[in-house]
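I opened this model to look up two things. My notes follow in the order I made them.

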Protein chains: 2
Amino acid sequence: MRLTPAMERYVLHWGEMGARWGVNRSVAQIHALLYLAPKPITAEEIADTLSIARSNVSMSLKELLAWGLVQRTPVKGDRRDHFEALRDNWEILTRIVEERKKREIDPTLSILRACAMEAAADGQTAAETRQRIEGLLEFLETLSLWYGQVKGLPKPVLIGLLKMGGRVARFVPKKRAGKARGAGDG
Amino acid sequence: MRLTPAMERYVLHWGEMGARWGVNRSVAQIHALLYLAPKPITAEEIADTLSIARSNVSMSLKELLAWGLVQRTPVKGDRRDHFEALRDNWEILTRIVEERKKREIDPTLSILRACAMEAAADGQTAAETRQRIEGLLEFLETLSLWYGQVKGLPKPVLIGLLKMGGRVARFVPKKRAGKARGAGDG
DNA sequence: ATCGGATTTCAGTAATTTCTGAAATCTTCG
DNA sequence: CGAAGATTTCAGAAATTACTGAAATCCGAT
């Protein structure tokens, strides 16, 4: 596939962004290419277009499939696999968030729970330190709970909320008098 | 400084997490250590505790200072620099988000604008492709706008919103009949 | 069953990133 | 000013990560 300069710029930048967020450069570039491509393309075409080894494309596609960001699409009259990227930006975002939560946040929560228990029991971890761990655990649990509720809302509602921006603030109930501990205070 | 097993586990895990999000492992470990430490500590103490070179600690601290996640704190009667981490979890989160937006999202928006213009003008980029770029640009601009509004809200309001979870959905105005294009539809 | 193309795997190599130690610089105090 | 300690810089070494090409496997057609 022939890349126009605009496409090339996009693909290179996306590769760079991926690298900064812990995603392999080739994986990100391939994703960018499939995202831009007007129609499904073959692994070999990807390799040629981006000048990377066919085997690298194979492994990278495997990863993108695992993330659910790319799918195989059969093309009639051609027995080679063709690939295309998920197109809906909202869907792309939620897939990535969902996956990273599963792979990174949830395990972190487990570890924090274990650390909190261990620190409480060992009789040698400073009280301050214990509080930090417990506070962070509570904070992440609150965020996690929020995410769990919000992700279930229908897409139009989410988009509505997004478009409301700061105006949602009107609907937050006024806090009653007195000092209350809330998420993130620890 | 002597690490208890719970602290060590925390520090190692945090280093790992950092690595997955594009942050150098040592930087993340140092941040974890300072976050847990009951009082400000010196660079040398960090190097000893984590068994990394003094010079590496120096560079890593520089980076953490640039992120605004750590600060120098003078300790009377000691002319060595002491360091301590920001403690408020909410503040930590917003600093990180703010900084990554500035370093990664904003430049991405610029590049997308440039790509969109170039693609519109070159007469060789497929219409489909042009729409993808424009759609993504619009999507990211919407998110960016939302963030700009929300980050300005007072912390208690933000925490209030967080605790409301999915219940905010009640306040989204009902969409009028007819097909409307919204963020992320492209 | 077997042939031919498509695809995947993986061991070794290449490239990149991270880390170190020596030297340079800065800072404070006498 | 000069010494001693603290800190930073940076070139090269070490470690990690990514990429490649050859070989193995898969898969459909005959």
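Predicted model: local features only at pLDDT ≥ 70, side-chain atom pairs only at ≥ 80, totals over all residues.

In total, 16 residues surround DNA strand D. I noted the closest: Ser26(A), Ala53(A), Ser55(A), Ser58(B) and Asp81(B).

Next I looked up contacts to phosphate oxygens of DNA strand D. Asp81(B) uses a backbone N or O atom, 2.5 Å from a phosphate oxygen. Ser58(B) places a side-chain N or O atom 2.9 Å from one. For Asn56(A), I read 3.4 Å between a polar side-chain atom and a phosphate oxygen. Helix 4 of chain B has the largest share, with five residues.

I turned to a helix pair between the chains. Helix 5 (residues 89–121) of chain A packs against helix 1 (residues 5–20) of chain B at about 170°, and their axes are 9 Å apart. An angle over 145 degrees counts as roughly antiparallel, so I logged helix 5 of chain A and helix 1 of chain B as roughly antiparallel. Their crossing is left-handed. On the helix 5 side, the contact residues include Arg100(A), Ile111(A), Leu112(A) and Glu118(A). Helix 1 of chain B contributes Tyr10(B), Trp14(B) and Met17(B), among others. By type, I listed the residues of this contact as ten nonpolar, two polar and six charged.

Technical notes. Residues numbered from 1 in each chain as written. Chains lettered and ligands numbered in written order. Heavy atoms only, no water. Axes fitted to C-alpha atoms, helices over the stretch in contact; angles between N-to-C directions. Helix = DSSP H or I, 4+ residues; strand = E, 2+ residues; numbered from the N terminus. Parallel < 35°, antiparallel > 145°, perpendicular 65-115°, else oblique. Left-handed = near helix turned anticlockwise from the far one by under 90°. Contact = heavy atoms within 4.5 Å. Nonpolar A, V, L, I, M, F, W, Y, C, P; charged D, E, K, R; others polar. Near = heavy atom within 4 Å. Polar contact = N/O pair within 3.5 Å; in protein donor to acceptor, adjacent residues only side chain to side chain.
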